[in-house]
Amino acid sequence: MLFIATFPAGTPMPPIRLIVNGRARTLQVGPDVPLLRVLREDLRLTGTPFGCGTGVCGACAVLLDGVPARSCQVTAAEAEGRAVTTVEGLGAERIRLQRAWFLEDVAPCGACRPAMVLAAAGLLRGNPDPSDRDIDRAFEASRCHCGTLSRVRGAVRRAARGGA
């Protein structure tokens, strides 16, 4: 739920403190500004794409305290003090997952790939040997318009084995 904060003219906005990809950041943004906008415009982390802007497609997912969240629906104030992980913040884990995606021919268009890679990272961090049901649950909110969601299972299993 978005809210609009108003400040008297000439009054500076209070700072928002975020922890993005393990780094503390302090920003002067309105508390009602979507986290997606803060990530892309203020922090220049463009790996998180803008999708529908309504929280339906899931393309803008990030990990918020380790749990996938749609960054277009989370305000800067709601993210304050919480750990935000974007696809850029996954490091070596990202390479392993992207390799598995490539080897399994998942999502050739790439529109949902960052969100799916983050969902896989969140799943594997908490469950290094997920069942098909676990994988399906982790991706039930993802929208893949390419029809390759069935290949995600193979990619997650491959990544769990090390990505080779």
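**The sulfurs, then the fold**

Reply: Let's start with Cys 52: its closest cysteine sulfur belongs to Cys 57 and lies 3.8 Å away, which is too far for a bond. The cut-off for a disulfide is 2.5 Å between the sulfur atoms. Cys 52 isn't hidden either, since its relative accessibility of 34% makes it partly exposed. Cys 72 isn't in a disulfide either, as its nearest cysteine sulfur, in Cys 60, is 3.7 Å off. Cys 72 does count as buried, though, because its relative accessibility is 8%. Searching the whole structure gives 0 disulfides. Keep in mind that this is a predicted model, so all of this is read off computed coordinates.

Now the fold around them. The protein has 6 helices and 5 strands, and from the N terminus they come in the order β-β-α-β-β-α-β-α-α-α-α. The strands form an open sheet ordered E2-E1-E5-E3-E4, with mixed pairing. Going from strand to neighbouring strand, the average turn is 40°, ignoring direction.

At one end of that order, E1 (residues 16-20) and E2 (residues 23-27) pair antiparallel over 5 bridges. Within that pair, Leu 18 sits opposite Arg 25 of E2. The hairpin leaves 2 residues between the strands, and Asn 21 there has a positive phi near 50°. At the other end, E3 (residues 61-64) and E4 run antiparallel, joined by 4 bridges. Leu 63 has Pro 68 of E4 as its bridge partner.

Two helices to look at against this sheet are H1 and H4. H1 (residues 35-42) packs on the sheet and touches E1, E2, E3 and E5 (83-85), with its direction at about 75° to that of E1. H4 (residues 113-126) also packs on the sheet, touching E3, E4 and E5, and its direction makes about 30° with that of E3.

Among the buried ones are Met 116, Val 117, Leu 118, Leu 123 and Leu 124. The cover over the buried residues of H4 includes E3, E4 and E5, along with H3, H5 (132-139) and H6 (149-160).

One more spot, this time in a loop: Gly 89 falls between E5 and H3 (92-103). Gly 89 is partly exposed, because its relative accessibility is 33%. Gly 89 and Gly 22 are 67 residues apart in sequence, yet their C-alphas are 7.7 Å apart in space.

Zooming out, 41% of the 164 residues count as buried. Among contacts with a separation of 6 or more, 57% join residues 24 or more positions apart. The accessible surface comes to about 8,600 Å², with 52% of it belonging to carbon and sulfur atoms. Back to your sulfurs, then: the model has 0 disulfides, with Cys 52 partly exposed and Cys 72 buried.

Technical notes
Residues numbered from 1 in each chain as written. Predicted model: local features only at pLDDT ≥ 70, side-chain atom pairs only at ≥ 80, totals over all residues. Heavy atoms only, no water. Pairing = 2+ DSSP bridges. Axes fitted to C-alpha atoms, helices over the stretch in contact; angles between N-to-C directions. Contact = heavy atoms within 4.5 Å. Buried < 20%, exposed > 50% of the residue type's maximum accessible area, 1.4 Å probe, protein only. Areas by Shrake-Rupley, 256 points an atom, 1.4 Å probe, with all protein chains shown as cover.
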